[in-house]
Amino acid sequence: MLLLQGKEFMEPFFDPCQREAFHLEVLDTYETPEESEPFQRYLAGQPDDYSWMQDWLDLVRSMTVRGVQVRRARVITVPHTDYTRFALKVAIDCNAVAGEEIKYLPRHLIDADLLTTDDWWLMDDKTVAFTVFEPTGQFVGGAVTTDPRIASYIREVRDRVWERAIPLADYGSQNSK
């Protein structure tokens, strides 16, 4: 495995993608420094201009414009954490508008043995990047592999989760209050 960090992870990892970029998120809370202030504003009921999301949203738009499907599935605990409610609002206000197709899967609807314990990206069904975080929550990068056995297993997990998950439009309309 190769650890790609920062811009080395973003452009070189996402640019070659031709068909699909799929992201699985399995944590209920993320404590990344770039989200700290927006999360605090959310908790205080203050508006957000989402400027902290622009680089990501630009990347998603550029991928979808060239025909790449960007999908994300979030496995979440019910009742929701404050962070899950925050991420749901961001998904509705930003990610989906930029072109991401997002689904939510309540954790109780899938056997934990059918999931992975780590978040990851799967590009074009063959390249996997397990996301790496420091104990402080700081995103470090992606541990990348093209091992066909790992990619095969990750595809199976993706398909199981995606089949059971609820589209953002349906889930968000019921849970974004």
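**The loop between β5 and β6**

D125 lies in the loop between β5 and β6; helices (H or I, at least four residues) and strands (E, at least two) are DSSP runs, numbered from the N terminus. This is a predicted model, where local features need pLDDT of at least 70, side-chain atom pairs count only at pLDDT 80 or more, and totals for chains, interfaces and linings use all residues. Residues are numbered from 1 along each chain as its sequence is written, and side-chain values use heavy atoms, with hydrogens and water left out.

*Solution.* 
- Step 1. Buried means under 20% relative accessible area, exposed over 50%, and partly exposed in between (1.4 Å probe, protein chains only).
- Step 2. D125, with a relative accessible area of 26%, is partly exposed.

**Helix α2**

*Task.* Which residues of α2 are buried, and on which side of α2 do they lie?

*Solution.* 
- Step 1. The buried residues in α2 are E35, P38, F39 and R41.
- Step 2. They are on the same side of α2, because they cover an arc of only 155 degrees around the axis. The arc is taken from the directions that run from the helix axis to the C-beta atoms.
- Step 3. An α-helix has 3.6 residues a turn, so residues three or four places apart point the same way.
- Step 4. The buried residues of α2 pack against α4, where contact means heavy atoms within 4.5 Å.
- Step 5. After α2 comes G45, with a positive phi near 75 degrees.

**N95 in α4**

*Task.* State where N95 lies and which residues it touches beyond four places in sequence.

*Solution.* 
- Step 1. N95 is part of helix α4 and is buried, with a relative accessible area of 3%.
- Step 2. Not counting residues up to four places away in sequence, N95 touches M53, W56, L57, R72, V90, E100 and I102.
- Step 3. M53 is 42 residues from N95 along the chain, and the two C-alpha atoms are separated by 8.9 Å.

*Task.* What kind of peptide bond joins V78 and P79?

*Solution.* 
- Step 1. P79 is placed in the loop between β3 and α4.
- Step 2. The bond between V78 and P79 is cis, with omega about 5 degrees.

**E25 and L27**

*Task.* Describe the surroundings of E25 and of L27.

*Solution.* 
- Step 1. E25 sits in strand β2 and is buried at a relative accessible area of 9%.
- Step 2. Leaving aside neighbours within four places in sequence, E25 is in contact with Y30, R72, A73, R74, V75 and D119.
- Step 3. L27 is in the loop between β2 and α2 and counts as partly exposed, at 38% relative accessibility.
- Step 4. With residues up to four places away in sequence not counted, L27 touches V75, R107 and D119.
- Step 5. L27 and T117 are 90 residues apart along the chain, and their C-alpha atoms are separated by 8.5 Å.

**Nonpolar cores**

*Task.* Which members of the largest nonpolar core touch the most other members?

*Solution.* 
- Step 1. A nonpolar core is a set of buried Ala, Val, Leu, Ile, Met, Phe, Trp, Tyr and Cys residues joined through side-chain atoms within 4.5 Å.
- Step 2. The largest one has 27 residues, and F13, F14, W56, M63 and W121 touch the most other members.
- Step 3. At least two residues of this core come from each of α1, α3, α4 and β5 (120–123). The largest share, 6 residues, belongs to α4.
- Step 4. Another core, of 19 residues, lies apart from it and has L115, I154, V161 and W162 among its members.

**The largest pocket**

*Task.* Which lining residues lie nearest the centre of the largest pocket?

*Solution.* 
- Step 1. On a 1 Å grid over the protein atoms alone, a pocket is an open set of points where a 1.4 Å probe fits, with protein on both sides within 12 Å along at least five of seven lines; lining residues have an atom within 4 Å of a point.
- Step 2. The lining has 40 residues, and M10, E34, E35, W56 and F139 lie nearest the centre.
- Step 3. Elements that give two or more residues to this lining include α1 (6–14), α2 (33–43), α3 (54–65) and β7 (139–145).
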